[in-house]
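Let's take a walk through this structure together, one region after another. Have the sequence at hand as you read.

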Amino acid sequence: MATLNPADAYAASPAATGTSGATTRDPRLDFYRGIAMFIILFAHTPGNFFTSWIPARWGFSDATEIFVFCSGMASAIAFGRTFDRAGWALGTARVAYRVWQVYWAHIGMFFFIAMMLAFWDSFGIFEKTYINTLNLVPFFEGVTRKGVELATTADQLVGLFTLTYVPNYFDILPMYMIILVMMPFVMALSRVNIWLMFAVIATVWLFAQRGLLAWMGAEHLWLSLPAEPWSERHWFFNPFGWQLIFFTGFAFMRGWIPAPPVKTWLIVVAAVIVVANIPLSNIGVRAVNREWFGLAFENNPVINWRVSNKPLIDKSAFGILRYVHFLALAYLAWVVAGVGGHRLIAKGHSALSRSWDTIVRVIMKVGQQSLAVFVFSMVFARISGFTMDQVGRETATVVLVNLTGVAALILVAYFVAWIKATPWKPKRTPV
């Protein structure tokens, strides 16, 4: 079979090489990122049985890897061309502006969700205290232990804006910001030596692996960021670990890493890795629990393996087996999509082809507006959970709530795209 390379797939596009011309979007990027947006909505909806079928239940990696990897690819298109065409300083300025946008999206999302939870709690008629569901009591009431006030709401407000107070539900965008800040340095290193750049990326990832550092007796060198001023908790998504998957996607789109060839043996290896993950996944744990029902926790072989090898599958630090599993999945998805995503494009004019084409275009639209869609989905997920708390979680209700969420994300994507097209401006007439 033919060998594919970045020049064929994407690196030769104006966006990837910095040559003149309109920015070229890769349909595979938008399609898979759109799918990740829907999965993220399902995953963040409390009490949602849809989560039994998301990638995270069947292997080590999940939609977070898809989102971060595709964000790296999208960043290579969005910012790589600026670095090439306008230079490092202006490229850095553009990245800084994006960080600014993501920062305020993070702040706005936090305050809206916090307000919404507080509003529900203000009625005093619901079974649960909703600010507790996201552990936001410290933000509203401060932290007091043994009669000593450790932090006030004012302290948390400062921590929120300085990113030293990062509740778990709100930790993806801060992670993304830190990785974006790293991009100009990676670009600078790439101009010195590509292998030096890869070495630095790998070294930063290594120093984010607390378990591996502890095994080497170097835990004091652990790279992390504090998540609470009053405790030892750190960011759940350690950006120094997660930058590895981001810059892998970035490097593929830049052409620094050649696209792998489509070979039968590679497909088999990738498939074996994916299938081999299933017995060690959450689904595997459930299956073993059923088979070993009644045995003590310590006698469950899958749980024992996961506990013993936690540093290798750690989500917080982005353990190496998550990386391997994701690359295997990504390779299979890339093969399925075909060169330039040609297998995603419907062929023919039948009703089935037109329907598939519509579905693909809708999913791609969601992927193209990922920041707006992501922020909205994090809000809507809490609304969906609240709704099911009140009306119940019968199968029909859960399905309806999820389909409503999917429709809402699609509407947001199309609305944002429409706004970005500046429809209020007069259209230029050809001369």
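This is a predicted model: local features need pLDDT of at least 70, side-chain atom pairs count only at pLDDT 80 or more; totals for chains, interfaces and linings use all residues.

Residues are numbered from 1 along each chain as its sequence is written, and side-chain values use heavy atoms, with hydrogens and water left out.

Back to Thr422: its phi is positive, about 45 degrees, although it is not a glycine. With a relative accessible area of 26%, Thr422 is partly exposed; buried would mean under 20% and exposed over 50%, with partly exposed in between (1.4 Å probe, protein chains only). Lys146 is another non-glycine residue with a positive phi, near 55 degrees. You'll find Lys146 in the loop between β1 (143-145) and β2 (148-151), and at 88% relative accessibility it counts as exposed.

Now for the inside. A nonpolar core here is a set of buried Ala, Val, Leu, Ile, Met, Phe, Trp, Tyr and Cys residues joined through side-chain atoms within 4.5 Å. The largest one has 106 residues, and Ile113, Leu136, Leu180, Met183, Phe246 and Phe247 touch the most other members. Helix α6 (residues 88-122) supplies the largest share of this core, 13 residues. Take Ile113: leaving aside neighbours within four places in sequence, its contacts (heavy atoms within 4.5 Å) include Leu134, Tyr169, Phe170 and Met378.

Which helix gives the most to the nonpolar patch? That is α6, with four residues.

Next comes helix α18 (residues 320-337). Its 18 residues should span 26 Å at 1.5 Å a residue, and that agrees with its end C-alpha atoms, which are 26 Å apart; the expected span is 1.5 Å times one less than the number of residues. Among its buried residues are Arg322, Phe326, Tyr331 and Trp334. The buried residues of α18 pack against α3 (27-44), α4 (63-78), α13 (239-254), α14 (264-277) and α17 (310-313).

Finally, look at the charges. The whole structure holds ten salt bridges, each a side-chain nitrogen of Lys or Arg within 4 Å of a carboxyl oxygen of Asp or Glu. One of them joins Arg254 and Asp84, at 2.7 Å from N to O. This pair links distant parts of the chain, with Arg254 in helix α13 and Asp84 in helix α5 (residues 80-86), 170 residues apart. Is Arg254 buried or exposed? At 14% relative accessibility, Arg254 counts as buried, whereas Asp84, at 31%, counts as partly exposed. Another salt bridge pairs Glu228 with Arg233, their closest N and O atoms being 3.0 Å apart.

Methods. Helices (H or I, at least four residues) and strands (E, at least two) are DSSP runs, numbered from the N terminus.
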